[in-house]
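Subject: A structure for you to look at

Hi there,

Here is the structure I promised to pass on.

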Amino acid sequence: MAARKDKSQSKAAAGIDARPWIEKYRPKTLDEVSSQEEVVQVLKRSMDTANLPHLLFYGNPGTGKTSTILALCKELYGPEVYKSRVLELNASDERGIDVIRDKVKNFARVQVSAAHSTTTTLPTHRPPPPYKIVILDEADSMTSDAQSALRRTMEQYSRITRFCLVCNYVSRIIEPLASRCAKFRFAPLPSSSLLARLTHVAAVEHVPISPEALATLVEVSEGDLRRGMTFLQSCARMKGAGGGGGGEGVEAAAGGAEVLPEDVYEVAATPPGRVLDGLLESCKSKRFDRIENTVTEIVAEGWSVAGLLQQITDRLLTSPHTTSVQKAELALQLSDCDKALTDGADEHLQLLNLASRMSAIGVTA
Amino acid sequence: MSGGLWVDKYRPRSLDKLDHVPQLSQRLKQLAASEDFPHLLFYGPSGAGKKTRIVATMREIYGPGVEKLKIDQRVTTTPSGRKVDVSIVSSNYHLELTPSDVGVFDRVIVQELIKEVAQTQQVDSNAKHKFKVVVLNEADYLSREAQQALRRTMEKYTSNVRIILCANSTSKIIAPIRSRCLLIRVPAPEITEIANTLTKIAKKEAASVQPDYIQRIAEKCGRNLRKAILMLEMGVAEGAQTSQSKDVPFFDWEVFIKATAREIISEQTPQKLLQVRQRLYELLTKCIPAEIILKTLAFELAHMVDGELKPDVIAMAAFAEHRLRQGNKAIFHLEGFVARFMATYKSFLIQVLGV
């Protein structure tokens, strides 16, 4: 929360709205949340009855977990009461048992003042509900001690305070906490919603982008809207379009060239399909010197090997020409290679090893 | 502009003078001109010109003022009371450091130093932009904690500071950092491009070098321009202009590793292993990085053995190199690789020759 606030303030001083688009286009109401209909429906109903359970949101990155809870809070409280009623903790900065014991507990036990509840009117014409909300973002990176410390706090002050835990992996939340919450799974966004949202933003920001490039964008973002947005903005910057970012500056559009699929690949650090084709082709030949040449070429071109691994996975694991046994062997090799790369091993050697193994397994795309 | 290695002497100073990937220079120019300059992450193989491009981009942003450099030593204290000092190259507009120099304490550097810069505003009122630039070299060697710490700094102080990261690969950069930067891939130059650059330099140095000599250097340098220029300078110093059939010069350590590989192939016995250990130690004491020794050795061996053994050699090398990065003592892994290779090769020979 603090980080976000600082940023928007300093940006306001600079005069232009140069916030990253992911912040700029964060949904302000529940209706604006892309996809996730079921979750939104449940939340809306609980808004009407002013009865909200503790929440646990989990799902892949960029599926709108944080956006949904922020939008809900905004709708519940409106801008004035928001600050005094919502505590947002980004667990990756301030974790640990002390924070739970002091900050969260102190916030949770203070009664809601009735003053605002009667005076402020919200756009929804509903008085703010008589409880506060604590949002624990990235809750899966909290230590289990800190999570345990939360158990009793959650129950004790449940009359005044509701908790919302947001995490990627529900398995990292200790069972006693998980059982106290209503769980909501956020599925990866379907391509249609991604496409709709990205098209909308591209239009508002005057980014000239070809339909193929949009399709590529959807493909590389893999159901993660935040990635999609960031890539779109990077493309726009690279092409010099929509720089002012006001939405009003029509002439900004004239400055930039059209965004093409290659640019998207470039920004996403994903090698284009032809690189993979070349690699598979040389694997098929089963000649070591040829594989070596291709791999040397790929490394010299500077393509990201991690990106290539992802592509190999996508391509070969769905390939109809590969048998299940081959796929299993391949998956083992891929995971070994990925582990080694993450540990910082040399890309050249690892990729060459993987390619020669692939050739031995005999996969064909 | 006289003296110094040719590599430094002929380093292009502006984006226009860069020879290869002109589209990239064009893009960087556009970025430098725009108000909204993002954080950048340059990645590509070594000797492709990442650093040259970074310097040229900063010159494009701030003008020649960025070339007035000074070097400082900064001392920061870790929470455990240990003093860490790091050298910083800086100008009025930018600051350049290699946090991975201090090993596990890089987080402190990122937290303290970069934050300090990030919190102060640009002093020079004539400056074109309000922000300063921090260049972090070897970003892929930053520890995970340091990267996490950087993540918040990058968000929080965007108005005062832009961060340019320079890395060999993106695999080790955590996703949140990657998604905050504009990724810029710098591919290695093509062989013909290297040859052109070498010809230009040779002409300026008034060294009459045969075209096919230059061509051979360009092919042998592994598309690493820095290495190519060094090789050319070495070759000229050795008098390449007189005798045209002279071999392309190799670095001493390369020749040495090649010889080592030949020895390993010639005999696979415990005695030989001891001799090889001597040689490996010699390389290590000459400050040749263990990863490079292993890689060069592996490729040499792979070229010398039979076709069906090649994938095994690479697999062994990949395994040993991975261990090497995680471990502390390089000699164990190097020797382990050699021993394993010897065993595999020997049993292969026995099988084939039917002894």
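Let's start where the two chains meet: five salt bridges are found across the interface of chain A and chain B. A salt bridge here is a side-chain nitrogen of Lys or Arg within 4 Å of a carboxyl oxygen of Asp or Glu. One to look up is the pair Glu301(A) and Arg223(B), with 3.1 Å from N to O.

Some housekeeping before we go on. The model is predicted, so local features need pLDDT of at least 70 and side-chain atom pairs count only at pLDDT 80 or more, while totals for chains, interfaces and linings use all residues. Residues are numbered from 1 along each chain as its sequence is written, chains are lettered from A and ligands numbered from 1 in the order in which they are written, and side-chain values use heavy atoms, leaving out hydrogens and water.

**The interface**

Chain A brings 46 residues to the contact and chain B brings 41 residues, where contact means heavy atoms within 4.5 Å. How much area do the two chains bury between them? About 4,100 Å², with 54% of it on carbon and sulfur atoms. Arg237(A), Met238(A) and Leu349(A) supply 16% of the area that chain A buries against chain B, more than any other three residues. Buried area is the accessible area (1.4 Å probe) that two parts lose on being put together, summed over both.

There are also 14 residue pairs in polar contact across this interface, both residues being at pLDDT 80 or more. A polar contact is a pair of N or O atoms within 3.5 Å; within protein, one must be able to donate a hydrogen and the other to accept it, and residues adjacent in sequence count only if both atoms are side-chain atoms. On the side of chain A that touches chain B, H18(A) gives the largest share, eight residues. Helices (H or I, at least four residues) and strands (E, at least two) are DSSP runs, numbered from the N terminus.

**A residue in H18**

Gln350(A) lies in that helix, H18 of chain A. Is Gln350(A) buried or exposed? Its relative accessibility is 5%, so Gln350(A) counts as buried; buried means under 20% relative accessible area, exposed over 50%, and partly exposed in between (1.4 Å probe, protein chains only). Leaving out residues up to four places away in sequence, Gln350(A) touches residues of both chains, including Cys337(A), Ala318(B) and His322(B).

Cys337(A) is buried too, because its relative accessibility is 3%. The count of disulfides over all chains is zero, a disulfide being a pair of cysteine sulfur atoms within 2.5 Å. For Cys337(A), the nearest cysteine sulfur belongs to Cys283(A), 12 Å away.

**More salt bridges**

Over all chains, the count of salt bridges comes to 26. In one of them, Glu205(A) meets Lys24(A) at 2.9 Å, N to O. This pair links distant parts of the chain, 181 residues apart: Glu205(A) sits in the loop between H9 and H10, and Lys24(A) in helix H2. Glu205(A) is buried because its relative accessible area is 1%, and Lys24(A) is buried at 13%.

In chain B, Glu263(B) and Lys272(B) form another salt bridge (3.5 Å, N to O). Glu263(B) is partly exposed at 22%, whereas Lys272(B) is buried at 10%. Elsewhere, salt bridges that share partners join Glu297(A), Glu301(A), Arg185(B), Glu190(B) and Arg223(B) into one network.

Happy exploring!
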